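Please examine the structure shown below together with its sequence. The paragraphs that follow lead from the chain as a whole to particular places within it.

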Amino acid sequence: MNKLSCFKAYDVRGKVPEELNEELAYKVGRAFVEELNASSVAVGYDIRLESEGLAAALKKGLTEAGANVVDIGLCGTEEVYFATFHRKLDGGIMITASHNPKGYNGMKLVGKGAKPISGDSGLKAIEQRVLDEAFNREKSPGLVDFQPEKSAYIQHLMSYVDMSVLKSLKLVMDAGNGSAGAVIKQIAEKLPFDCVFVNDTPDGNFPNGVPNPLLPEMRSITSNAVKEHNADLGIAWDGDFDRCFLFDENGEFIEGYYLVGLLAETLLDKQPGGKVIHDPRLTWNTIDQVEKAGGVPIQSKTGHAFIKERMRLEDAIYGGEMSAHHYFKDFAYCDSGMIPWLLIMQLMSSTGKPLSELVSERMKAYPCSGEINYKVQDVPVVLEKVMEHFASLNPLVDKTDGISLDFGHWRMNIRASNTEPLLRLNVESKGGEELVRNKVKEIEELLV
């Protein structure tokens, strides 16, 4: 088949208008309805400058194909997930390019129950319908129902916390000029916290940089605000707020890896024996914390479609990726950027411990490099070179996702990016910070 460059493994994403435009958005709407035989679809969009126009074209395609649209307006990706499963709709589409640079946009598609539609579960078939323009012109048009009200979603979020244990703590909440501003203000009204809002005005021009706190250069605004306001915690979100990033009371960025174990422990306290899904990049701390909390750790390939599929298969209570995606059974196995920080605030309140204390022992026990990205000419050649270099040490080899090598006292995972010509490296050890640094240097020399 021919290919459309904006159709990726998990979603639709590309430059506007060269790869994605309103004409294509209209066709995706037509194809979505006919491929899923959908009669009701949720639509939302983020703050990017092109998002509202793409959403209008998408809604036109959906309704002309015969579906009724629940339009929730400007929102976060998880609000489309919520609308889809809460209202029992046939599907949902979010217009967003998440953390991509300005000028990009895209779509995240889900079916009934907010089940992801990716390359192996219908996205390729939708792409083929778009290419063939295989649309039935006989349908009666559907209607658009504008439903921007967020109260049911906010109420659902509140169900994750025990209000009686929450203490009056001070939070810095940095929306990064993304879509999170309206939601965090509504949540804040219901909580006993003193909240300092930063960059809370939605602005697709990204006046303070693209909201992607995974980039070290995008962390200083939140970190400085935590120090300036003497806050107990800092929270920053990406553009469509399906990920949140935490800063401790000293303004230090906390690697998402350590939050996976902490959240698993918190949820297992209420549901002992539960299964927890994790990705292969960094694993030892998560496995240790889950097992000590009486849970069952299960490894899955990296990526939201794989994690969600495995969670459904195992009926897992929680799934976590070190990249700050956190998935919850009670949220239809979907990822949320709001539930994690609410659970952490509850944990800080009930234990009386700051975040730094909650993670410090874990960080000492299993120090890690964090994810380091490298541009290389030939990914397969470089991966083979790494394998050959360490072969004489007889490591345990796992190829669930890229290459994981376990040497007993340290381990590494190196994998090709799904979206860019990059190699992503993660190294961790059992208690040896210097060992991690030395191994990163050793591996870097192989990548030249």
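Of the 448 residues in the chain, 58% are buried in this predicted model. The radius of gyration is 22 Å, which agrees with the value near 22 Å that a compact globule of 448 residues would have.

The secondary structure comprises 14 helices and 20 strands. Among contacts in the chain with a separation of 6 or more, 69% are made by residues 24 or more positions apart.

One helix pair may be considered next. Two packed helices are described by the angle between their axes and the distance between the axes. For helix α8 (residues 256–270) and helix α12 (residues 355–365), the angle is about 105° and the axes are 10 Å apart. Because angles of 65 to 115 degrees count as roughly perpendicular, α8 is roughly perpendicular to α12. On the α8 side, the contact is formed by Y258, L259 and L262, which meet L355, L358, V359, R362 and M363 in α12. By class, seven of the residues in this contact are nonpolar, none is polar and one is charged.

Attention now turns to the backbone in the loops. Where in the chain does P17 lie? P17 is found in the loop between β1 (12–15) and α1 (22–36). The peptide bond that joins V16 and P17 is cis, with omega at about 5°.

Two residues have a positive phi although neither is a glycine: E133, at about 50°, and F241, at about 45°. E133 is found in the loop between α4 (119–132) and β6 (144–146), whereas F241 lies in the loop between β9 (233–237) and β10 (244–247). F241, at 0% relative accessibility, counts as buried, because buried means under 20% relative accessible area.

The remaining examples concern residues that are separated along the sequence. H99 lies in the loop between β4 (91–95) and β5 (104–110). Its relative accessibility is 29%, so H99 counts as partly exposed. Although H99 and P211 are 112 residues apart along the chain, their C-alpha atoms are separated by 6.1 Å. Not counting residues up to four places away in sequence, H99 touches R13, R48, V210, P211, N212 and R243.

At 32% relative accessibility, E35 counts as partly exposed. E35 and L123 are 88 residues apart in sequence, and the distance between their C-alpha atoms is 9.4 Å. Leaving aside neighbours within four places in sequence, E35 is in contact with A125, I126 and R129.

How values were computed: Residues numbered from 1 in each chain as written. Predicted model: local features only at pLDDT ≥ 70, side-chain atom pairs only at ≥ 80, totals over all residues. Heavy atoms only, no water. Axes fitted to C-alpha atoms, helices over the stretch in contact; angles between N-to-C directions. Helix = DSSP H or I, 4+ residues; strand = E, 2+ residues; numbered from the N terminus. Parallel < 35°, antiparallel > 145°, perpendicular 65-115°, else oblique. Contact = heavy atoms within 4.5 Å. Nonpolar A, V, L, I, M, F, W, Y, C, P; charged D, E, K, R; others polar. Rg over C-alpha atoms; globule rule 2.2 N^0.38 Å. Buried < 20%, exposed > 50% of the residue type's maximum accessible area, 1.4 Å probe, protein only.
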